[in-house]
Amino acid sequence: MKEAFNYMFKDNLFKQKWAAYFCFAFLGAFVTNLGNSPVLGSLKIFAPLFLILGIIILFIPTGYIVACIRALSGQKENYLLPGFNYKHNMFTGFKFWVAVLILSLIFGIGCTVISAVIAVIAGILKAKVFAIVGITFVMVFPILIIAYYALALNKIFADTDSWTSFIKFKQATAMIKQSSLYNKWFLIFIVLNGLLGIISGVLSALGAGSIGWLVITTLISAMLASYVAFVNAFITAKCIE
C-alpha cells in the first residue's frame, strides 16, 4: 500500500503534471477562499462571482484526477499519469460536480422530509428528546453512509462517466463485497483526508486576516491537497480488486 504515496514519482513527467494540477488547484482555491473571506471589504458584493469563478476553475483539476483514476485502474507497476487535456478535464470536472449535486439533492430532500415528519410526531407526542435524537440521526447517518461509499462511487464515475454515478449504491455495494481490500483503503482514505481537512481548516482560519496571509495559507493548503489528490487517485483506482 506504500505505493499509493510514491507511485507518482515513477512518472518522469510527474513534476510538470503536478505543476499544472497545482496551478489550477491553487488558483481555484484562492478565488473561492477570496469569495468567502472578509478581506474583500467593500467588494463583498462581488463574492458570489468569485465563488462561481473559483468553482469553474476547479473543474479542471477535478477532471484531471478522474482521468488519473481511469489510467491507474489498468496499470500495476510502471505507473504513468495521463497528460492534461484542459477542455476534456473541465467537462469531466463539470460532470463530476453535477453528479455530486444530484446525490446531494436526493439525500437533502429525503433528510428534510424525514426530519419534518419526526418533528411533527415529536410535537404531537411532546417528545423533545425524540426530535433531537431522531433529527440528528437522520442528518448524520447519511453522511457516514456516503463517506463509506465514496471510494466505490468515485470508481464508478471514473469507469462509466455517468451523470448518475453517485446514486448507484447497489452497484457500489456489489463492488465493495467483492473487494477484500476496500476497508483498508477506506481507512487510509479517511485518515489522510481527515488530517488534510484539519490542517486546511486551521490554515483557512489563519488566512482570514489579510490578503497576504490568504495567499500564503492557500498556497500551503493547495500544495498539500495536490499531493493528497494523487494519493486519492491511486486509492480509488485500487480499492476494488
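The following dialogue considers how several features of this predicted model may be read.

Reader: On what basis are the values computed?

Author: This is a predicted model, in which local features need pLDDT of at least 70 and side-chain atom pairs count only at pLDDT 80 or more, while totals for chains, interfaces and linings use all residues. Residues are numbered from 1 along each chain as its sequence is written, and side-chain values use heavy atoms, with hydrogens and water left out.

Reader: How many helices and strands does the protein have?

Author: Helices (H or I, at least four residues) and strands (E, at least two) are DSSP runs, numbered from the N terminus. Here there are 8 helices and 0 strands, giving the pattern α-α-α-α-α-α-α-α along the sequence. The C-alpha trace spans about 65 × 55 × 30 Å along its principal axes.

Reader: What share of the contacts in the protein with a separation of 6 or more joins residues 24 or more positions apart?

Author: Contact means heavy atoms within 4.5 Å. Of the contacts with a separation of 6 or more, 75% are between residues 24 or more positions apart.

Reader: How is burial to be read, and is Thr92 buried or exposed?

Author: Buried means under 20% relative accessible area, exposed over 50%, and partly exposed in between (1.4 Å probe, protein chains only). By that scale, buried residues make up 41% of the 241 residues. Thr92, in helix α4, counts as buried because its relative accessible area is 2%. Leaving aside neighbours within four places in sequence, Thr92 is in contact with Gly63, Val66, Arg70, Phe157 and Asp161. Asn154, in helix α5, is buried as well, at 18% relative accessibility. Not counting residues up to four places away in sequence, Asn154 touches Phe96, Phe166 and Thr236.

Reader: Where does Ala127 lie?

Author: Ala127 belongs to the loop between α4 (86–125) and α5 (128–160). Its relative accessibility is 21%, so Ala127 counts as partly exposed. The C-alpha atoms of Ala127 and Ile69 are separated by 49 Å, although the two residues are 58 residues apart along the chain.

Reader: Which residues of the largest nonpolar core touch the most other members?

Author: In soluble globular proteins, nonpolar side chains tend to be buried together. A nonpolar core is a set of buried Ala, Val, Leu, Ile, Met, Phe, Trp, Tyr and Cys residues joined through side-chain atoms within 4.5 Å. The largest core has 49 residues, of which Tyr7, Tyr21, Leu72, Leu81, Leu151, Tyr182 and Phe230 touch the most other members. At least two residues of this core come from each of α2 (14–36), α3 (47–73), α4, α5, α6 (169–177), α7 (182–206) and α8 (211–238). Tyr21 touches Pro61, Tyr64, Ile65, Phe84, Ser226, Ala229 and Phe230, not counting residues up to four places away in sequence. A second, separate core of 6 residues includes Phe22, Phe30, Leu34 and Ala222.
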